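Please consult the sequence and structure below alongside the text.

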Amino acid sequence: MADAKPVKSSSRISNSGPPKSGPPKSNGAKSDAAKSDAAKSGTSKSETSKSRTVGRGAHWIEWLTGGICALLVAAMIGWISYDAVTSAGGAPQLSVSILSQRASPAGGGYEVSFTVENRGKRTAASVPVKGEVLNGDSVIETQEITFDYVPAQSSATGTLLFKTDPSANTFTIVASGYTDP
């Protein structure tokens, strides 16, 4: 599209090469140079002329779309760069909260459902969660479950099963450690 130029008065443009300089012939006779070119190629001028579409500049919607896409790409690159710089380092920040305590539907036990939340910017792997049923200072029952991983700024849920009713006694639950993946 680099060679396309707007044409004002003619709908046909010669496709035989670059425009020739000089004033147009008004009497309709072929110039000596045109006659010799036609004689060498064996074609007449009417055979070499072809009709083609006149090129125009880009439509405003193309510019708008291109600008919006460029802004989106720049914003994504900026966001990824910012996240890469600010999320370097740090440790997982684990917290455990109880969702529910109830008698087990299978009978003979109690369920404690909980959520482990990682507010840090680093994933924690092999996260053991330990629940204890206490009577005063003595431990009545202990259960533990290990999560394969708790992703950064995410959470995971689980359930511990007890024989003793945790709601009738003092109950504690903690995430007791993690490893780096």
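Which residues does Glu141 touch, not counting residues up to four places away in sequence? They are Gly131, Glu132, Val133, Leu161, Phe162, Lys163 and Thr164, where contact means heavy atoms within 4.5 Å.

The model is predicted: local features need pLDDT of at least 70, side-chain atom pairs count only at pLDDT 80 or more, and totals for chains, interfaces and linings use all residues. Residues are numbered from 1 along each chain as its sequence is written, and side-chain values use heavy atoms, with hydrogens and water left out.

**Glu141**
- Glu141 is found in strand β4 (residues 138-150); strands are DSSP runs (E, at least two residues), numbered from the N terminus.
- Glu141 is buried (under 20% relative accessible area, 1.4 Å probe, protein chains only).
- Glu141 has no salt bridge (a side-chain nitrogen of Lys or Arg within 4 Å of a carboxyl oxygen of Asp or Glu); Lys163, the nearest side chain of opposite charge, is 6.1 Å away.
- The Glu141 side chain reaches the backbone nitrogen of Lys163 at 3.0 Å.

**Aromatic pairs**
- There are 2 aromatic pairs (ring centres of Phe, Tyr or Trp, its six-membered ring, within 6.5 Å; planes under 30 degrees apart are stacked, over 60 edge-to-face, the rest tilted).
- Phe114 and Phe147 pair edge-to-face, at 5.9 Å centre to centre and 90° between the planes.
- Phe114 lies in β2 and Phe147 in β4, so this pair ties together parts 33 residues apart in sequence.

How values were computed. Helices (H or I, at least four residues) and strands (E, at least two) are DSSP runs, numbered from the N terminus. Buried means under 20% relative accessible area, exposed over 50%, partly exposed in between (1.4 Å probe, protein chains only). Lys and Arg count as positive and Asp and Glu as negative; His and the chain ends are not counted. A polar contact is a pair of N or O atoms within 3.5 Å; within protein, one must be able to donate a hydrogen and the other to accept it, and residues adjacent in sequence count only if both atoms are side-chain atoms.
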